[in-house]
Every structure is written in structure tokens, then in C-alpha cells.
There are 2 protein chains.
Amino acid sequence: MSFDPSTLVYNDAGLIPAIAQDATSGEVLMMAWMNQEAVARTLATGRVTYWSRSRQSFWVKGETSGHVQELVNLRIDCDRDCLLLTVNQTGAACHTGRRTCFYTEVRSGAEVELMQPER
Amino acid sequence: MSFDPSTLVYNDAGLIPAIAQDATSGEVLMMAWMNQEAVARTLATGRVTYWSRSRQSFWVKGETSGHVQELVNLRIDCDRDCLLLTVNQTGAACHTGRRTCFYTEVRSGAEVELMQPER
């Protein structure tokens, strides 16, 4: 069956959550949002492209930082309302300079920071 | 710093997306939603508890299917608006009986089903 981005289920704002996972380490790097056109652009270019809700514009990951995400594969969940992207991540995925956005862990009721920004 | 679920960033419906990742395989299993009380219950019980948007009720994962998720750890992203749960998954995570909800892949413009339901 050929894939048509319009068949995905978008929320009221026309967006679908996309989880990025490192193709090599399996580490979950971040979650961001795509609209239908961002999904199409990501597949067409192989460069992961989100929709920035704060800037209300396309966000080609790494365009300014150089921390690009090269798409390895794109998967769709059972409800068609969430995407899983396997990516080759250059540099840090997180805008704080950390490898992953999920750098805070709850342990015994306390928040623990797992890693520092990379240099 | 002690963790308070009220410090997370919830959407207009009072929900935060939670990604479940298999603690052993690293496979991303599913994404579902939690409200503040579901986060608190998950941490208090060690049994992953979502908020079902369709049923508008708490959803203790596996309560009817037996396919429970035991919480291994809970991580928070940089914007505090997404959670990553590492879990020990019993049985299939997906309601279709598949190991993961992300069983459809886009390959060369076509949708390919990667796995069948488990028995």
C-alpha cells in the first residue's frame, strides 16, 4: 500500500507527535511535532523536519546548530496518531547541548540529572 | 530536588505524552497520555497508568489484558512536556497483539507491516 501522509491522524492543530530514536544506540532522543507537510518533507529529503509550535514554522532539525537528523526509517503506530523516527543524529539532539532531551530521571521521589551538555 | 508531578507541562486537556520503551530490548513500544494523577499513580504503584482519552478514565496498562508494564524508570524531557518510561513489558504492548504499536514502516513510499500479532 503506498503511503499518503494525509492518512495519518493529526490533532486539532493539525499535528502528530514524532519520537526520534538513535539508530545506533537505540536511545530515545526527543519528541517533537510534525504537520502533514513536515512528514512529506522528511520523507522526500531524508532530513528530519518538524513543525515548531513556538515559531509556527518548519524546523529542519540542525539547520542552525548543525545537529541534523538523517532519517533511517519512519514507523507509524496502530492508531496512526504517532510516528517513530529512527535517525542518525549528528551531535547533541537537545537544544541544551545534551545527547538526549530526556536527561532528568525521577529516583526515589527526587529529580536527578543524568548527563551534562557535551562540548 | 524532590519531584512534584504538578511541575510538568500539560496540554490544554491536562495531559502529557508518555513514551514507553522496553527496558531490555530498547524497543519503543507505544505512546499514550497521562494526566497529573496518572503520573503520581505510576510512580506510587510502579504499574504504568495512563489516561484513556477515548474512555476518559484511568487506564492501568494490562489491567484487563494482563499485558502490564512495570515501571523501571521515568525520565522527563528538557521542556518538561514529555515523559519517557522504561518498562518491563509483559506480553504484547499493542492492543492488536503485536509486541509494539509501531509495526508499520514506510519503505520507498509504501507501507510495510513488520510483524504479526503474537499468539
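Student: By class, how many nonpolar, polar and charged residues are in the lining of the second largest pocket?

Tutor: That lining has 14 nonpolar, eight polar and seven charged residues. Nonpolar covers Ala, Val, Leu, Ile, Met, Phe, Trp, Tyr, Cys and Pro; charged covers Asp, Glu, Lys and Arg; the others, Gly among them, are polar. This is a predicted model: local features need pLDDT of at least 70, side-chain atom pairs pLDDT 80 or more, while totals for chains, interfaces and linings use all residues. Residues are numbered from 1 along each chain as its sequence is written, and chains are lettered from A in the order written.

Student: What is a pocket, and what are lining residues?

Tutor: On a 1 Å grid over the protein atoms alone, a pocket is an open set of points where a 1.4 Å probe fits, with protein on both sides within 12 Å along at least five of seven lines. Lining residues have an atom within 4 Å of a point. Here, 29 residues line the second largest pocket. Met30(A), Arg55(A), Trp59(A), His95(A) and Asp79(B) lie nearest its centre.

Student: Which element gives the most to that lining?

Tutor: Strands are DSSP runs of E, at least two residues, numbered from the N terminus. β2(A) gives the most to the second largest pocket, with four residues.

Student: What volume does the largest pocket have?

Tutor: A volume is the space filled by probe spheres set on the grid points, which are joined across faces, edges and corners. The largest pocket holds about 1300 Å³. Its lining has 49 residues, with Asp81(A), Ala32(B), Trp33(B), Trp51(B) and Arg53(B) closest to the centre. The top contributor is β2(B), with four residues.

Terms used:
Heavy atoms only, no water.
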